[in-house]
Amino acid sequence: MRIVTWNVNSVRVRQPRVLAWLRRHQPDVALLQETKCTDGLFAQPEFTGEYEALGYQVAHHGHDHWNGVAVLSRVGLAEVQRGFPGVNRRPFDEARVIAATCGGLRLWSVYAPNGRTLADPHYLYKLVWFERLRAAVVPSVASAPTMVAGDFNVAPTDLDIYDPVRWRRRTHASPAERAGIAALCDTGLHDVTRDHLAEAGVYTWWSYRPGQFQLNRGLRIDLALCTPDLAARTRGVWVDTEERAGSPASDHAPLVVDLA
DNA sequence: ATGGCTAATGATATTAGA
């Protein structure tokens with residue numbers, strides 16, 4: 001079973017590449033982030049039909065032209081859950097979380113807030129958002145084989161940053177953000193990428209600015225957090241860096257998890 | 001230490017990304 005998580009940075013702009021990627025690599029489930037569209041686009045038969053023609057059922061969660069998350073599955077798509085449970089005042093109602101049961105697995109597509117700068121209120125939002133996510137996934141982790149995957153906007157360790165010194169005063173590397181990831185993992189989740197890609201220089205995001213991708217100046221901020229049963233079933237994890245090349249590419253590459 | 005680019009918008013600069 002192949003699961004991919006990919007921040008596509010606008011599904012409208014990326015539609016041809018997303019479809020080509022699905023045809024080429026045949027994932028059973030695709031967890032997408034930053035679709036940057038409303039549910040209305042996915043309600044259009046001529047748009048969603050492109051995925052259905054490849055055998056995928058689609059669930060999307062998007063309110064406006066920011067954020068937006070989706071699950072595409074050809075192994076069933078049930079019990080779709082959009083956003084955090086309970087009451088969510090702004091900005092916690094942003095479309096950053098969707099979960100669904102596919103092929104017996106509980107799969108989450110998540111897009112964490114960026115944080116902007118360490119002094120920005122958005123950074124505090126990011127920290128609280130991680131706590132909300134932690135609370136939301138606890139029942140899933142306790143009851144089903146679960147993968148919480150997506151763009152976490154946090155590099156878990158300095159090995160996950162091309163230049164840790166440069167990022168010391170920025171978001172994505174602060175102790176509080178990393179504690180947010182650790183607290184998430186404390187519920188019973190494990191970051192499977194490093195089990196299979198332990199070396200330095202493994203990244204999932206590179207700035208659009210010139211030279212950054214070519215020089216492999218990137219961050220590993222897209223993660224697949226798995227319950228122990230799924231971690232044990234993982235046969236391979238890989239980043240499709242080829243998909244980051246060329247234009248128009250997303251600034252994130254697909255992260256692929258192959259399960260037995 | 002800084003800037004470079006991309007996407008979206010009733011837009012021709014601004015916000016956001018990371």
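**Notes on the predicted model**

1. Helix H1, residues 11–25, contains 15 residues, yet its end C-alpha atoms lie only 18 Å apart, short of the 21 Å that a straight helix would reach at 1.5 Å a residue. The model under review is a predicted one. In H1 there is also a kink of about 35°, and this kink is centred on Arg17.

2. The surroundings of H1 deserve a look as well. Its buried residues are Val11, Arg14, Val18 and Trp21. These buried residues of H1 pack against strand S2, residues 29–33. After H1 comes Gln26, which has a positive phi, near 50°.

3. The overall composition of chain A is as follows. Its secondary structure amounts to 7 helices and 14 strands. The radius of gyration of chain A is 17 Å, close to the 18 Å given by the globule rule for 260 residues, so the chain is as compact as a globular protein of that length. The C-alpha trace of chain A spans about 45 × 40 × 40 Å along its principal axes.

4. Two further figures describe how chain A is packed. Of its 260 residues, 43% are buried. Among contacts between residues at least 6 apart in sequence, 69% join residues that are at least 24 apart.

5. What is the strand order of the open sheet that contains S1 and S14? This sheet of 6 strands runs S3-S4-S2-S1-S14-S13, and its pairing is mixed. Its edge strands are strand S3 (57–61) and S13, each of which pairs on one side only. From one strand to the next, the twist averages 10°.

6. Within that sheet, strand S1 (residues 2–7) pairs with S14 in the antiparallel sense, over 4 bridges. Arg2 has Asp258 in S14 as its bridge partner. As background, the strands of a sheet pair through backbone hydrogen bonds, either parallel or antiparallel.

7. Another open sheet of 6 strands has the order S5-S6-S7-S8-S12-S9, again with mixed pairing. Strands S5 and S9 (190–191) stand at the edges; each has a single partner strand, so one side of each is left without a neighbour in the sheet.

8. Strand S7 (residues 105–111) and S8 run parallel and are joined by 6 bridges. Trp108 has Val148 in S8 as its bridge partner. Helix H4, residues 121–143, lies across S6, S7 and S8, and its direction is at about 150° to S8.

9. In general, most residues other than glycine have a negative phi, and most peptide bonds are trans. The peptide bond from Arg90 to Pro91 is cis, with omega near 0°. Pro91 belongs to the loop between strand S5 (78–82) and strand S6 (97–102). Ser247 and Pro248 are likewise joined by a cis peptide bond, with omega about 0°. Pro248 belongs to the loop between strand S13 (234–239) and strand S14 (255–259).

10. Asn153 is not a glycine, although its phi is positive, at about 55°. Asn153 sits in the loop between strand S8 (146–151) and helix H5 (175–185). Is Asn153 buried or partly exposed? Asn153 counts as buried because it has 22 C-beta neighbours inside 10 Å, the threshold for burial being 20 or more.

11. Asn216, which is not a glycine either, has a positive phi of about 55°. Asn216 is located in the loop between strand S10 (205–206) and strand S11 (218–219). With 13 C-beta neighbours inside 10 Å, Asn216 counts as partly exposed.

12. The last point concerns Phe42, which is placed in helix H2, residues 39–43. Phe42 is partly exposed, because 19 other C-beta atoms lie within 10 Å, whereas burial requires 20 or more. Leaving aside residues up to four places away in sequence, Phe42 touches Phe47, Thr48, Val58 and His60. The C-alpha atoms of Phe42 and Gly115 are separated by 28 Å, and these residues are 73 apart along the chain.

Terms used:
Residues are numbered from 1 along each chain as its sequence is written. Chains are lettered from A and ligands numbered from 1 in the order in which they are written. This is a predicted model: local features need pLDDT of at least 70, side-chain atom pairs count only at pLDDT 80 or more; totals for chains, interfaces and linings use all residues. Helices (H or I, at least four residues) and strands (E, at least two) are DSSP runs, numbered from the N terminus. A residue is buried if 20 or more other C-beta atoms lie within 10 Å of its own, exposed if 12 or fewer, and partly exposed in between; C-beta atoms are placed from the backbone. Two residues are in contact if their C-beta atoms, placed from the backbone, lie within 7 Å. The expected span of a helix is 1.5 Å times one less than its number of residues. The bend at a residue is the angle between axes fitted to the seven residues ending there and the seven starting there. Two strands pair if DSSP finds at least two bridges between them. Axes are lines fitted to C-alpha atoms, for helices over the stretch in contact, and angles run from 0 to 180 degrees between N-to-C directions. The radius of gyration is taken over C-alpha atoms; the globule rule is 2.2 Å times the number of residues to the power 0.38.
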